[in-house]
Every structure is written in C-alpha cells, then in structure tokens.
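Hello,

I am handing over the structure we spoke about. Please look at it first, then read the notes below.

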Amino acid sequence: MKMNKMLSVIMAMVILVGCIVIPASASEEEIIPLEAEIYCGAGYPKCDMRAHGVATVYSGSSSFTSKVFNGFGWQCANCGYLMATEGDPTNSGIIGRYAMASPSNGARVQYNDVAVAFFGGIDGSSYGNWKDDPYFGKACTFKRY
Ligand SMILES: [Zn+2]
C-alpha cells in the first residue's frame with residue numbers, strides 16, 4: 001500500500017513535469033521566428049551588400065548639386081537595395097555618414113554599373129565598427145566582390 005502511494009506520487013510528478021515542459025517548448029517555437037529577423041527585402045535575414053562603385057550623396061532633391069560626400073556604393077545581391085557610405089566598411093570597418101534607398105525609388109537614387117547618386121541628403125551616421133552597430137550589425141554584410 002505504501003509502495004502504491006509512492007508510485008502515485010511519482011506518477012503525479014511525471015505528469016506535472018510533463019505539463020511544465022510542454023508549454024516551455026511551445027513558447028520556444030514562438031520565439032524562434034522573432035530571433036530570425038528579416039532585414040532583406042528578398043526574405044533573407046541580412047542584406048548581402050556588394051561593392052557598387054562610387055557613391056555621391058547630394059542634399060538637393062533632384063539635381064547633381066550641393067554634394068554632401070563622395071563615398072562607396074553598395075547594392076544588396078538579393079533585393080537590390082542601394083547604400084552610400086562615407087567610409088569603407090570592408091576596410092576601416094566604419095560606415096560614417098550614409099544614405100539608403102530602394103532601387104525603385106527614382107526620386108531618391110539613380111545608379112548605373114559604376115556609380116550611385118543619392119538625392120535629399122543622408123539618412124544618418126555610424127562611427128563604430130559596423131558589426132557593433134545595433135542596426136547594421138544585424139541587417140547587413142559588406143563584401144568587396
Ligand atoms: Zn537585401
């Protein structure tokens with residue numbers, strides 16, 4: 001009789017543990033998509049930014065005047081997103097001032113195979129190593145090829 005009582009206590013504990021474990025694993029499944037944040041417009045976690053010639057940022061809204069800086073052009077190999085950086089993230093690691101745009105945003109950016117021109121000024125600046133930047137460290141990789 002004492003053995004049966006012990007068994008029923010053990011059974012109750014197994015059921016309890018089972019109840020605790022099942023909701024925990026269910027909530028882990030809910031967390032996984034949140035961790036895999038999607039930054040690339042083509043559905044990849046990060047934009048795969050490849051060197052895309054010289055980039056110039058102009059403060060004017062449509063004319064090639066009022067130059068802000070000459071820097072480095074980048075384009076995502078997957079979604080085509082364009083970026084101009086004042087520094088070279090693949091060399092110094094520092095982005096500096098930057099501008100970004102979707103390739104279809106003709107009022108913001110014009111580009112060909114060797115050059116990119118942004119209008120309307122910069123979007124911001126980042127002066128640490130880009131890998132430590134709270135946004136770019138998660139959203140991009142930069143490659144020279
Ligand atoms: Zn992308």
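In this protein, 53% of the contacts with a separation of 6 or more are between residues 24 or more positions apart. Two residues are in contact if their C-beta atoms, placed from the backbone, lie within 7 Å.

The model is predicted: local features need pLDDT of at least 70, side-chain atom pairs count only at pLDDT 80 or more, and totals for chains, interfaces and linings use all residues. Residues are numbered from 1 along each chain as its sequence is written.

Confidence

The pLDDT, which is the predictor's confidence in each residue from 0 to 100, averages 85 over the protein, and 75% of the residues score at least 70. Over residues 14-26 the pLDDT is below 50, and this stretch has zero contacts in the model beyond near neighbours in sequence. Residues 28-33 also have a pLDDT under 50, and for them the model has zero contacts beyond four places in sequence.

Elements

The protein has two helices and eight strands. Helices (H or I, at least four residues) and strands (E, at least two) are DSSP runs, numbered from the N terminus. Read from the N terminus, the order is α-β-β-β-β-β-β-β-α-β.

Strand pairing

Two strands count as paired if DSSP finds at least two bridges between them. β1 and β2 are antiparallel and share eight bridges; in this pair, R50 stands opposite Q75 of β2. Q75 also has a bridge partner in β3, namely L82. β2 and β3 run antiparallel, joined by four bridges, and F72 is opposite T85 of β3. These two strands form a hairpin with five residues between them, and G80 in the turn has a positive phi of about 85 degrees. β3 in turn is joined to β4 by four bridges, again antiparallel, with A84 opposite A99 of β4.

Burial and the core

A residue is buried if 20 or more other C-beta atoms lie within 10 Å of its own, exposed if 12 or fewer, and partly exposed in between, with C-beta atoms placed from the backbone. Of the 145 residues in the protein, 23% are buried. In β3, L82 and A84 point one way while M83 and T85 point the other way, and all are buried.

A nonpolar core is a set of buried Ala, Val, Leu, Ile, Met, Phe, Trp, Tyr and Cys residues joined through C-beta atoms within 7 Å. The largest one here has 25 residues, and M83, A84 and F118 have the most contacts inside it. Two or more residues come from each of β1 (47-58), β2 (67-76), β3 (82-85), β4 (94-101), β6 (115-118) and β8 (140-143). β4 gives the largest share, five residues. In soluble globular proteins, nonpolar side chains tend to be buried together.

Leaving out residues up to four places away in sequence, F118 touches A55, V57, Y58, A84, A99, A101, R108 and V109.

T56 is found in strand β1. T56 is partly exposed because 18 other C-beta atoms lie within 10 Å. Residues up to four places away in sequence aside, T56 touches K67, N70 and A117. T56 and A117 are 61 residues apart in sequence, but their C-alpha atoms are 4.9 Å apart in space.

S66 sits in the loop between β1 and β2. Is S66 buried or exposed? S66 counts as exposed, because 12 C-beta neighbours are inside 10 Å. Most residues other than glycine have a negative phi. The phi of S66 is near 55 degrees, a positive value in a residue other than glycine.

W130 lies in the loop between β7 (124-129) and α2 (136-139). W130 has 25 C-beta neighbours inside 10 Å and therefore counts as buried. Not counting residues up to four places away in sequence, W130 touches P89, G93, I95, F136, G137 and F142. From W130 to G96 is 34 residues in sequence and 9.2 Å in space, C-alpha to C-alpha.

Regards
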